[in-house]
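Let's take a walk through this fold together, starting with charged side chains and ending with sheets. Keep the viewer open as you read.

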Amino acid sequence: MINSNAWKGVISLLDNYLELRSDDTVVVAYTSDSHEAAAWVSVALEMRNLSATKVWMAPLHDVEFSNRFAAALPDPNELPGRLVIITFEMDTLSHDRIIRSELSKYDANNTIVFRAISACESLFSDALNVTPQQLSARNTTILERCMGKKQLHITTEGGTDLRVEVDSSKYRWVSNRGIWRPDSFVILPAGEVATFPVSIEGILVADFAFNLNVITDMDVRLDQYPVTVWIEGNRAVRYECDNKSMSKFLDECFNTDCAHIVGELGFGTNIGVKTAISLNSHINERHTGIHLGFGESNQPPSVVGYSCNIHLDLIARGGMVWVDDSLEPLDLQNITPSSLPHPTRTLDEDASSPDGIADVGCQDDCCGILTQDGMKLWRDRYSET
């Protein structure tokens with residue numbers, strides 16, 4: 001069964017994100033953990049007399065997926081309208097190279113690709129009930145205030161107090177807003193603005209949730225046991241949490257090579273994400289608050305001068321941002337949407353497939369640490385005994 005808010009999110013996906021047309025040809029690819037999401041969308045399509053071809057895929061490694069995906073695609077010469085591809089996965093973004101290769105024979109201006117990670121009920125009931133236009137207007141407000149500026153002072157009611165230097169000429173801003181452009185893949189859930197900080201000092205109190213680019217079964221909510229991180233010279237020099245298992249988890253994260261470096265300054269803009277969910281997910285990262293990403297950055301390693309296997313986002317609830325010497329702060333939970341066009345000099349996404357998405361320009365692998373033996377799973381390693 002699907003609740004009414006989640007169903008509204010399904011309809012919003014079709015109407016507001018895909019802007020579905022009656023002559024569209026739709027292909028839905030999904031992993032087993034996301035079969036419900038694929039089923040909900042398929043039902044909604046059938047109700048509009050649009051049938052979707054569904055394609056199952058194993059996450060990350062699936063030697064037969066290329067053949068199955070190719071067989072599901074229509075003849076490029078017989079398309080009545082657009083080709084719309086939707087993928088649903090829970091923890092991964094898989095087979096990017098295969099999907100791009102198979103779609104290369106189609107007109108890029110007529111091929112729409114949306115890739116959803118964290119494809120649980122909350123994706124629909126919370127994140128997708130906010131339209132791309134709403135997200136774009138909020139992202140624009142932040143970019144208008146911050147791009148081209150130098151100093152940010154960020155505080156939260158939970159105790160965060162950060163002094164940040166930014167440089168828009170050197171480090172590109174990322175604006176994930178759920179709006180498709182030709183020859184690109186849209187990553188869902190949407191609703192975030194981020195960049196790489198030139199320098200950052202102070203204290204972060206993450207009292208909302210964390211998001212890690214490694215599969216974990218941990219409850220990621222931090223409202224009961226906030227994580228406090230002291231930052232000097234762009235690095236976490238000390239951290240603490242009253243929860244014993246979380247402290248052990250943080251030890252392993254921060255002891256990974258280069259994982260103590262602040263690789264991302266992020267602002268969530270999705271007003272639909274009000275309450276943290278227990279799942280390790282990008283949904284929490286879109287919450288209207290400040291978050292810092294430790295480890296891998298959202299810029300090419302050649303630009304920032306390092307690389308890292310993990311990316312740990314520590315997310316705070318809300319945030320006030322003073323830009324340069326402004327007297328009026330930007331309240332992340334009460335942003336006034338801009339009426340101006342969205343800036344063009346930004347990257348579109350902050351997540352990539354293990355295959356790499358060349359046009360995104362991001363190097364972080366949101367799908368997990370890959371080793372010669374496959375994915376390193378961090379499951380049930382920090383439970384109290």
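A salt bridge here is a side-chain nitrogen of Lys or Arg within 4 Å of a carboxyl oxygen of Asp or Glu. By that criterion, a network of salt bridges links E89, D96, R100 and R115. Before going further, a word on the source: this is a predicted model, where local features need pLDDT of at least 70, side-chain atom pairs count only at pLDDT 80 or more, and totals for chains, interfaces and linings use all residues. Residues are numbered from 1 along each chain as its sequence is written, and side-chain values use heavy atoms, with hydrogens and water left out.

D96 is buried, with a relative accessible area of 0%, while R100 is partly exposed at 25%. Buried means under 20% relative accessible area, exposed over 50%, and partly exposed in between (1.4 Å probe, protein chains only). The structure holds 10 salt bridges, and another one joins R68 to D62, with 2.4 Å between the closest N and O atoms.

Now for the sheets. Helix 4 (residues 96-103) lies across strand 3, strand 4 and strand 8, running at about 170 degrees to strand 4. Axes are lines fitted to C-alpha atoms, for helices over the stretch in contact (heavy atoms within 4.5 Å), and angles run from 0 to 180 degrees between N-to-C directions. Those strands belong to an open sheet of 5 strands with parallel pairing, in the order 2-1-3-4-8. Two strands pair if DSSP finds at least two bridges between them. At the edges sit strand 2 (52-56) and strand 8 (185-188), each pairing on one side only. Strand 3 (residues 83-88) and strand 4 (residues 111-116) are joined by 6 bridges, and L83 has T111 as its bridge partner.

An open sheet of 7 strands is antiparallel, with the order 13-12-10-6-5-17-18. Its edge strands are strand 13 (235-240) and strand 18 (330-331). Helix 7 (residues 244-254) packs on this sheet, touching strand 12 (227-232) and strand 13.

Which residues cover the two faces of strand 11? A209 and N211 lie on one side, F210 and L212 on the other, and all are buried. In a regular strand the side chains alternate between the two faces of the sheet.

How values were computed: Helices (H or I, at least four residues) and strands (E, at least two) are DSSP runs, numbered from the N terminus.
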